[in-house]
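Hi there,

Here is the structure I promised to pass on. My notes on what turned up follow just below the model.

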Amino acid sequence: MEVKLEDRPLEQVREEVIDQLIYNYSHGVISAEAFERRLDDAMKTDDPHKIIALVADLPLAVDKQYQDEKETVFTPNYSHQQSTDDDKLISILGSNERSGKWLVPKEISIVDVLGATKLDFTDAVFQHQHVTINVLCVLGENKIYVPENVNVVSKISSILSEVDNSSTSLATKQAPTITIIGKVILGALKVKKKSTTKEMWVGFANNLKALFGESNKY
């Protein structure tokens with residue numbers, strides 16, 4: 001017997017509907033305007049019946065190719081490639097940056113005095129599920145960007161400083177967790193997603209549309 005809709009986990013229902021919206025949009029069943037309008041409704045509505053109704057008229061159900069593409073895009077990048085277990089970034093009247101496809105060590109230490117440090121984990125390759133960032137920031141600025149599939153825990157002590165963690169998510173159990181500890185004195189620490197959840201879904205949908213459009217040419 002099928003579980004009643006109202007008894008199912010809401011986020012599971014929401015994700016299944018978003019998957020179907022993306023799949024039908026990527027195959028040209030609905031327009032870009034209709035897709036984004038329905039996506040907005042799916043993300044904002046907490047009534048499972050209203051969420052399900054958003055795809056009631058869509059004929060296509062997601063297939064294995066879609067699931068494989070989704071897993072490739074949204075599964076965290078892990079590697080068994082060896083690097084150092086720790087890394088130290090020191091910025092005194094200067095700046096440091098890690099971005100692109102860089103190998104994330106188990107522990108990162110940031111010392112920032114009148115300087116700036118940027119860590120961008122968007123395309124980073126993780127070796128460990130649990131990563132610790134130790135921060136000592138004095139009159140400096142630290143910016144940390146994380147993708148949707150990475151959890152962030154902030155345990156920062158702030159003294160006359162700005163500490164903003166707007167990226168905390170509840171990713172899967174296999175997702176990396178970054179724990180930030182330390183002190184920020186007369187400085188700033190900002191942790192953000194590089195793109196919003198909607199931007200992430202729209203970008204994925206447009207990539208799929210291009211992929212399926214190319215495959216239909218042959």
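Two strands are taken as paired if DSSP finds at least two bridges between them. Strands are DSSP runs of E with at least two residues, helices are runs of H or I with at least four, and both are numbered from the N terminus.

With that in hand, take strand S5 (residues 116–120) and strand S8 (residues 141–146): five bridges join them, and they run parallel. Within this pair, Lys118 stands opposite Lys143 in S8.

Before going further, a word on the source. This is a predicted model, so to speak of local features needs pLDDT of at least 70, side-chain atom pairs count only at pLDDT 80 or more, and totals for chains, interfaces and linings use all residues. Residues are numbered from 1 along each chain as its sequence is written, and side-chain values use heavy atoms, with hydrogens and water left out.

Now the sheets. S5 and S8 belong to an open sheet of five strands with parallel pairing, in the order S2-S5-S8-S12-S10. Its edge strands are S2 (95–98) and S10 (162–165), each of which pairs on one side only. From one strand to the next the twist averages 10° (axes are lines fitted to C-alpha atoms, for helices over the stretch in contact, and angles run from 0 to 180 degrees between N-to-C directions).

Another open sheet has five strands in the order S1-S4-S7-S11-S9, with parallel pairing. S1 (86–92) and S9 (151–159) stand at its edges with a single partner strand each, so one side of each has no neighbour in the sheet. Here, too, the twist averages 10° from one strand to the next. Seven bridges join S1 to S4 (residues 107–113), and these two strands run parallel. In S4, Val111 is the bridge partner of Ile90.

As for the whole protein chain, there are five helices and twelve strands. The C-alpha trace spans about 60 × 40 × 35 Å along its principal axes. Of the 218 residues, 38% count as buried, meaning under 20% relative accessible area (1.4 Å probe, protein chains only). Taking contacts (heavy atoms within 4.5 Å) between residues at least 6 apart in sequence, 72% join residues at least 24 apart.

Finally, the charges: the mean positions of the 25 positive and 32 negative ones are 3 Å apart. Lys and Arg count as positive and Asp and Glu as negative, while His and the chain ends are not counted; each charge is placed at NZ of Lys, CZ of Arg, CG of Asp or CD of Glu.

Best wishes

How values were computed. Buried means under 20% relative accessible area, exposed over 50%, partly exposed in between (1.4 Å probe, protein chains only).
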